[in-house]
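Student: Could we go through this model together, setting each term against its definition?

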Amino acid sequence: MSGQPFTPKSHWMKTREYTPGPSLEGDIQVDVAIVGGGFTGLSTAYHLKKDEPGMRVAVLENEVIGFGASGRNGGFNMTLFGLTLSITALRFGKAKAREAHLYMERAVDLLRDLVKELGLDCDYEHPGFLRVATSEKYIKRIQHEIELAHKLGLTGIEWLDQDQTREQVNSPMYMGAWWEPRCGILNPAKLSWSWAEAIRPMGVEIYEKTAVTEVKKRKDGILLMTPNGSVRAQKVVLATNAWTHFFPELKRKQVPIWTHIVITEPLSDAQYQSIGWQNRQGIEDARNLVHYYRLTADNRIVMGGRDISLSKGFYDMDRDDNEETFHSLRNDVRELFPPLKDVQFTDAWGGPVSIPLDMAPAIGYMGDKRVVYSIGCMGHGVSLTHLNGQTIRDLILERKTDLSDVFFVNRKTFPWPPEPFKTLGAKAIVGYMHWEDRLYDGDKIT
Ligand SMILES: Cc1cc2nc3c(=O)[nH]c(=O)nc-3n(C[C@H](O)[C@H](O)[C@H](O)COP(=O)(O)OP(=O)(O)OC[C@H]3O[C@@H](n4cnc5c(N)ncnc54)[C@H](O)[C@@H]3O)c2cc1C
């Protein structure tokens, strides 16, 4: 299971050196074992150890720290919870949609502050976020979202008209935008590995290339089985997001889907000037299957999204590459920014995120309160996972706080159906999203 080379998994993983730590050999006993070395696991380990320095905490990672979505994502530190504010309001009601957005604002600020306070080296920039409208229908969709946000008493989001948007970034496709200065961008593999370097000296034990193959509940604790050893723990956190269905009790809670990214060579000064993106905001459009794009520290363009890949059956985790999507994403960069028609692309990759049937995050208990899981960190989990680390800390320490009481802790989730209905259902949902995107894209002005 373990042992895949990690540097081909994303461009970000080639931007600094990382030497994985040891695997688990033998049997150990800890207070808390965290399965999964992504942002959820790393943030949970940090917050537990910070509050309870005497606690023995171990992180067990199947591959290397940041191997999952955490080391491969677009690096947007942003406030979106689930799909859109209006879909969250439809699913959970307006009060909870407001609560979700405020949680996400707190998550964005927490991550920004942690990076600064701990000196986490991740090329963090704080340029804000634009959700751009590329057709009349998307103008209406975005303005409706902004109105809803304002009705819910949420601040910090405003509408920019076409001229104001193009003053920020010069694309002939832009017709207006949602502007949210709170958000940031970062290098996610650097962040993952900086986290490892920050928590090791605090005493957190990290075992890489260590797959947890079984979770056995015993009266006197939980026993985790790994290929060359075992861990006896009082409490366990399953921070495995898109892989969580491998634990039989959680099999139907979520399915993995893959989102994909391409990246250009560093832009020349002339190319950089030609697209007028000096303020360097992170950008998404307003499609169901969004495009997300941004500049890197060395002025490459990262372009992701547009389509997703589905697994074949429940246990297929091999959808990182999708040549058709890579090809389309390269064309999307050229269409958005005509002066870049000759820009070269140097890399392409994908990674899995976790999709519960109602497409919203969930933290819960697997059976009794000794095992906590986190799922539903979809395409917008960079900030969320960091605050979830504090929330999970409170659950593990059995503290009653505003975080432990947040509505998506222990919420009702709906099981994905068995095959072939799971695949048919997923295809139907994605098919509908594509159909609506085409309808909305239809009247775009280029
Ligand atoms: C291409 C892409 C672009 C994205 N862009 C953005 C973005 O710009 N902004 C944003 O907010 N979000 C984005 N996301 C989503 C975000 O990256 C995720 O929501 C977030 O990283 C999830 O973190 P995690 O720690 O919960 O899971 P992961 O980072 O996936 O970590 C789970 C870890 O568990 C390990 N594991 C699994 N099973 C076992 C086992 N049995 N034993 C031991 N270890 C195990 C895996 O190897 C993995 O390292 C993107 C995701 C992808 C894939």
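This is a predicted model: local features need pLDDT of at least 70, side-chain atom pairs count only at pLDDT 80 or more; totals for chains, interfaces and linings use all residues.

Student: Which residues of helix H2 are called buried?

Tutor: In H2, residues 85–92, these are Leu85, Thr88 and Phe92; a residue is buried if 20 or more other C-beta atoms lie within 10 Å of its own, C-beta atoms being placed from the backbone. Helices here are DSSP runs of H or I with at least four residues, and strands are runs of E with at least two.

Student: Why are the buried residues of H2 said to line one face?

Tutor: Seen down the axis of H2, they fall within an arc of 60 degrees, so they line one face of the helix; the arc is that of the directions from the helix axis to the C-beta atoms.

Student: What makes E5 and E16 edge strands of the open sheet of eight strands?

Tutor: The sheet has the order E5-E6-E4-E13-E14-E15-E12-E16, with mixed pairing, and E5 and E16 each pair on one side only. Two strands pair if DSSP finds at least two bridges between them; E12 and E15 have six, in the antiparallel sense.

Student: Which elements each supply at least two residues of the shell around the ligand?

Tutor: They are helix H1, strand E12, strand E16 and helix H9.

Terms used:
Residues are numbered from 1 along each chain as its sequence is written. A residue is buried if 20 or more other C-beta atoms lie within 10 Å of its own, exposed if 12 or fewer, and partly exposed in between; C-beta atoms are placed from the backbone.
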